[in-house]
Amino acid sequence: MKVKFWGTRGSIPTPLPPAAIEGKIRQALRGAVGLDLSSEAAIERYLQRLPVTICSTVGGNTPCIEVRAGQQMLVLDAGSGLRLLGQELMKAEFGKGQGAVDILISHTHWDHLQGLPFFKPGFVRGNRVTFHSPHAHLEKAFVGQQDPIYFPVPLSYLSGDIQFRHIPAGEWTQIGAMRVYPFRMDHPGESYAYRIEGENASVVYATDSEYKQFDQAAGQIYVDFFRNADLLIFDAQYSFNDVLDKQDWGHSTPMIGAELAHRAGVRRLALFHHDPLSDDEAVYSGLKQAESYLAQRGSPCQVMIASEELEVEW
Ligand SMILES: [Zn+2]
Ligand SMILES: [Zn+2]
C-alpha cells in the first residue's frame, strides 16, 4: 500500500507567509557561514542536514490523501489538496478522459470539500469521479458549494461523470479491491473515520474527531477500530494546552494520538489536520511530544508529521 499526502492542514488553507519564508532562508544562511558550498553536491549535503522546519514546511492545503493498492486508487477527502492531485492525475489517463477515481468524504465541512471546483479531471468528459460517504446530504453539500452566489461554475457544468454513492456506517463496503468501514466520530457535523483494507495492508483515516472521556473504558471503541493498523492518520490539531480551552471544538492532540496508537498496536502514526495557527515549529514540537510519550511507553509505533508530498509505502 502506498499513501501520499496532498493536503494536511485543518480548517482553512494556510499559505506560508512571506516573513516565514524569509525567516527560513535567514536561518539556513546563518548555518552556512564558513562552509564551502561552491558545488551542487555540497549544497545538497547541506540541505540534507538542515532541520525540516528550516528547509521545508508541512504545507497549507486542506485534507486530501491518495491511497494506492496495486492498480487501484482511493482518495480521502476533497480539501484544497485535491487541486494538486488533479494536476498530477491529468498527466496520465485522466488527461485523456479515461480515468476513474473513488473519493471517500469524512464530512462536509468546507475544508474537506473545497478542492472539487478546481479538480481538473472532473472537467474532462469520460472521467468517472465517485464520492462515497454515509451522509444523506453529500450531493447537496457539493451542489451548494457551487451555487452561483458562491462560485461561478455550477457542479452540473463538470463534464466528467460525477456520482454520489451512499455507503452505510458501521459495516464493510467493497470498493474495487479495497474494502472500507465508516465509523462515526465525535465532531460537529457528522464526521466519519474510515478503515481501509487492501490485501494484507490497512490504513485508518481518523480526521476531525475529539476524544472527550479519555479513560481506558471510553477510549476502547477507538482502540478496537484502530487495532493493528499499518498506518493511522490522526487529527492532532491542538496542543495539550489548547485543547483545554477548546472542548467541544471537535479536535484532538498528538499525545492522545500516541496513546490510542500505542494501545491499539498501530505500526505508524501520522499526525494530521494541523491548526492554521501552528507554524512549522509548533507542528513539529507535537511530533517530539508524541515520540517521547511512545518511547516512555516502550512502544514500537513510528510517528510522523503528515506533510504535503510525504509518501509512506510498505
Ligand atoms: Zn477539518
Ligand atoms: Zn470538521
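How many bridges join strand S1 to strand S2, and in which sense do the two strands run? Five bridges join S1 (residues 2-7) to S2 (residues 64-69), and the two strands run antiparallel. The model is predicted: local features need pLDDT of at least 70 and side-chain atom pairs count only at pLDDT 80 or more, while totals for chains, interfaces and linings use all residues. Residues are numbered from 1 along each chain as its sequence is written, chains are lettered from A and ligands numbered from 1 in the order in which they are written, and side-chain values use heavy atoms, with hydrogens and water left out.

**The sheet**

Strands (E, at least two residues) and helices (H or I, at least four) are DSSP runs numbered from the N terminus. Two strands are taken to pair if DSSP finds at least two bridges between them. Seven strands form an open sheet of mixed pairing, in the order S6-S5-S4-S3-S2-S1-S14. Strand S6 (161-166) and strand S14 (311-313) stand at the edges with a single partner strand each, so one side of each has no neighbour in the sheet. From one strand to the next, the twist averages 20°. Helix H5 (residues 138-145) packs on the sheet and touches strand S5 (128-133) and S6, its direction making about 125° with that of S5. Contact here means heavy atoms within 4.5 Å; axes are lines fitted to C-alpha atoms, for helices over the stretch in contact, and angles run from 0 to 180 degrees between N-to-C directions.

**Strand S1 and its partners**

Strands of a sheet pair through backbone hydrogen bonds, either parallel or antiparallel. S1 and S14 pair in the antiparallel sense over three bridges. Lysine 4 stands opposite glutamate 66 in S2 and opposite glutamate 311 in S14. Glycine 7 faces cysteine 64 in S2. Five of the six residues of S1 are buried, so the strand is largely enclosed by the rest of the structure. Buried means under 20% relative accessible area, exposed over 50%, and partly exposed in between (1.4 Å probe, protein chains only).

**Salt bridges**

Side chains of opposite charge can pair when their charged atoms come close. A salt bridge is counted where a side-chain nitrogen of Lys or Arg lies within 4 Å of a carboxyl oxygen of Asp or Glu. The structure holds 15 salt bridges. Lys2, Lys4 and Glu311 are linked in a network of them. The table presents three pairs, including the relative accessible area of each residue.

| Lysine 91, 66% | Glutamate 88, 38% | 3.1 Å |

Lysine 91 is exposed, whereas glutamate 88 is partly exposed.

**A nonpolar surface patch**

Leu16, Ile21, Ile25 and Leu29 make a nonpolar surface patch of about 350 Å². Patches are made of residues with over 30% relative accessible area and no salt bridge, with like charges joined within 9 Å and nonpolar side chains (Val, Leu, Ile, Met, Phe, Trp, Tyr) within 5 Å. Accessible areas come from the Shrake-Rupley method with a 1.4 Å probe, and for residues only the protein chains shown count as cover. Leucine 29 lies in helix H1 (residues 18-32) and counts as exposed at 56% relative accessibility.
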